[in-house]
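Me: I would like to go through this model and ask what each label rests on. Please set the values against the cut-offs.

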Amino acid sequence: MKSEYLVKMANEIAAFYDGTDPNAVALVTEHIKKYWEPRMITAFVTHLKAGGAGFTPTARAVAEKLAA
């Protein structure tokens, strides 16, 4: 799966939650854990470790949380 696609999806999910809840990072993390396949999450975290180009601040925080 292309990392650009995952970044786009994560940024869109983050944008939705950023506008509705102050706990956006936790909500986006839960959403990704619930709906994304493990290989998608692995590619998402791998993109972060490669520099994380294109992440919004919330999406980057989510990737960092998933990488921990």
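Me: Why is T58 counted as buried?
Reply: Buried means under 20% relative accessible area, exposed means over 50%, and partly exposed lies in between (1.4 Å probe, protein chains only). T58 has 10% relative accessibility, so the residue counts as buried. T58 sits in helix α4. Residues up to four places away in sequence aside, T58 touches A14, D18, A24, V25 and V28, where contact means heavy atoms within 4.5 Å.

Me: What kind of model do these values come from, and how are residues numbered?
Reply: The model is predicted: local features need pLDDT of at least 70, side-chain atom pairs count only at pLDDT 80 or more, and totals for chains, interfaces and linings use all residues. Residues are numbered from 1 along each chain as its sequence is written, and side-chain values use heavy atoms, with hydrogens and water left out.

Me: What makes A59 buried?
Reply: The relative accessibility of A59 is 0%, so A59 counts as buried. This residue lies in helix α4. Neighbours within four places in sequence aside, A59 is in contact with A10, N11, A14 and F44. N23 is 36 residues from A59 in sequence, and their C-alpha atoms are 13 Å apart in space.

Me: Which label does I13 get, buried or exposed, and on what value?
Reply: I13 has a relative accessible area of 15% and is therefore buried. Its place is in helix α1. Leaving out neighbours within four places in sequence, I13 contacts V28, H31 and W36.

Me: Why is H47 called buried?
Reply: H47 has a relative accessible area of 16%, so H47 is buried. H47 is found in helix α3. Not counting residues up to four places away in sequence, H47 touches S3, V7, G52, A53 and F55.

Me: How is D21 classed, and on what value?
Reply: D21 has 26% relative accessibility and therefore counts as partly exposed. D21 is found in the loop between α1 and α2 (24–35). D21 and R60 are 39 residues apart in sequence, and from C-alpha to C-alpha they are 17 Å apart in space.

Me: How many helices and strands does the protein have, and what makes a run a helix?
Reply: The protein has four helices and zero strands. Helices (H or I, at least four residues) and strands (E, at least two) are DSSP runs, numbered from the N terminus. Along the sequence the pattern reads α-α-α-α.

Me: What describes two packed helices?
Reply: Two packed helices are described by the angle between their axes and the distance between the axes. Axes are lines fitted to C-alpha atoms, for helices over the stretch in contact, and angles run from 0 to 180 degrees between N-to-C directions.

Me: Why are α1 and α3 called roughly perpendicular?
Reply: Angles under 35 degrees count as roughly parallel, over 145 as roughly antiparallel, 65 to 115 as roughly perpendicular and the rest as oblique. Helix α1 (residues 3–18) and α3 pack at an angle of about 95°, with axes 9 Å apart. The two helices are therefore roughly perpendicular to each other. S3, L6, V7, M9 and A10 of α1 make the contact with M40, A43, F44 and H47 of α3. By class, this contact has seven nonpolar, two polar and no charged residues. Ala, Val, Leu, Ile, Met, Phe, Trp, Tyr, Cys and Pro count as nonpolar, Asp, Glu, Lys and Arg as charged, and the others, Gly among them, as polar.

Me: How do you know that the radius of gyration agrees with a compact globule?
Reply: The radius is taken over C-alpha atoms, and the globule rule is 2.2 Å times the number of residues to the power 0.38. For 68 residues, a compact globule would have a radius of gyration near 11 Å; the protein has 11 Å, so the value agrees. Buried residues make up 38% of the 68 residues.
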